[in-house]
Amino acid sequence: MTEVLDPRLLGSVFITLFVIMDPPGTVPIFLGLTGAMTRKQRNKAAWQAVAVALGVIVSFAIFGQSILSYMHISLAALQASGGLLLLLVAMELLTGKMEETQPSANAKVNVALVPLGTPLLAGPGAIVATMVFVKQADGSAADWVSISLAIVAVHVCLYLAMRFANLIHRVLKDSGTILVTRIAGLLLAAIAVQLIADAVTEFIQTA
């Protein structure tokens, strides 16, 4: 079994991505972004967001370094841009603007794709971590299988967390959801500022 699978690498990738993508922590943000949706729309948004996140992570795992090199983009720049976008989303959650632009099946902007799928789930941290693991791997089949299984497992956890967010919504009701949304906006703003700060630090160190 060890010839086709590296348990240590699988565990390392899974734990790292689980901590960065934080399935339990996505629940309040997911509720805030989909608060005006019906149960069916929210379930659809959950799998759409996970599908987008998985597609982005896999794409960067395979082509990430080549894409960034071709476009002359540093990892720090990618991190800073993701932080700025998350900060805009956080401001909308904090000010209640997200509730005014109620998402629906006919909405022009699908929040399941942006900002939920990316950069919230598949954000700079998860992308960079995945690219680092791929770069450190020796290219063997066992390494690729281990990394792939870990990525899929984390996304299954993300889907389950958002899929059962409906239970939380029923318990919290509308007023509770609004409260959680404000808290999520504050936390998301902190995450965004930290991403930008880390990117600025990286820029200074490489200057």
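Predicted model: local features only at pLDDT ≥ 70, side-chain atom pairs only at ≥ 80, totals over all residues.
**Entry 1: Leu188**

I began with Leu188, which touches Ile29, Leu86, Val89, Ala90, Leu93 and Leu120, leaving aside residues up to four places away in sequence. Contact here means heavy atoms within 4.5 Å. Residues are numbered from 1 along each chain as its sequence is written, and side-chain values use heavy atoms, with hydrogens and water left out.

**Entry 2: the core**

Which residues have the most contacts inside the largest nonpolar core? I found Leu17, Met21, Met162 and Leu188, in a core of 50 residues. Such a core is a set of buried Ala, Val, Leu, Ile, Met, Phe, Trp, Tyr and Cys residues joined through side-chain atoms within 4.5 Å. Among the elements that give two or more residues to this core are helix H1 (7-21), helix H8 (141-163) and helix H9 (165-206). H3 gives the most, with ten residues.

**Entry 3: helix H4**

Next I looked up H4, residues 75-95. Its 21 residues reach 31 Å from first C-alpha to last, close to the 30 Å expected at 1.5 Å a residue; the expected span is 1.5 Å times one less than the number of residues. Leu86, Val89, Ala90 and Leu93 are among the buried residues of H4, and so are Gly82 and Gly83. Buried means under 20% relative accessible area, exposed over 50%, and partly exposed in between (1.4 Å probe, protein chains only). After H4 comes Gly96, with a positive phi near 85 degrees.

**Entry 4: the UniProt record**

I checked the unreviewed UniProt entry, which lists "transmembrane region" for residues 12-33, 45-64, 70-90, 111-133, 145-165 and 177-197. Such annotations may be inferred rather than shown by experiment. In the model, residues 45-64 are 100% helix and 0% strand, with end C-alpha atoms 26 Å apart. Residues 145-165 are 95% helix and 0% strand, with the ends 30 Å apart.

**Entry 5: the whole chain**

How many helices and strands does the chain have? I noted nine helices and zero strands, taken as DSSP runs (H or I, at least four residues, for helices; E, at least two, for strands) numbered from the N terminus. The radius of gyration is 18 Å, close to the 17 Å that the globule rule gives for 207 residues, so the chain is as compact as a globular protein of that length. That radius is taken over C-alpha atoms, and the rule is 2.2 Å times the number of residues to the power 0.38. Lastly, buried residues make up 42% of the 207.
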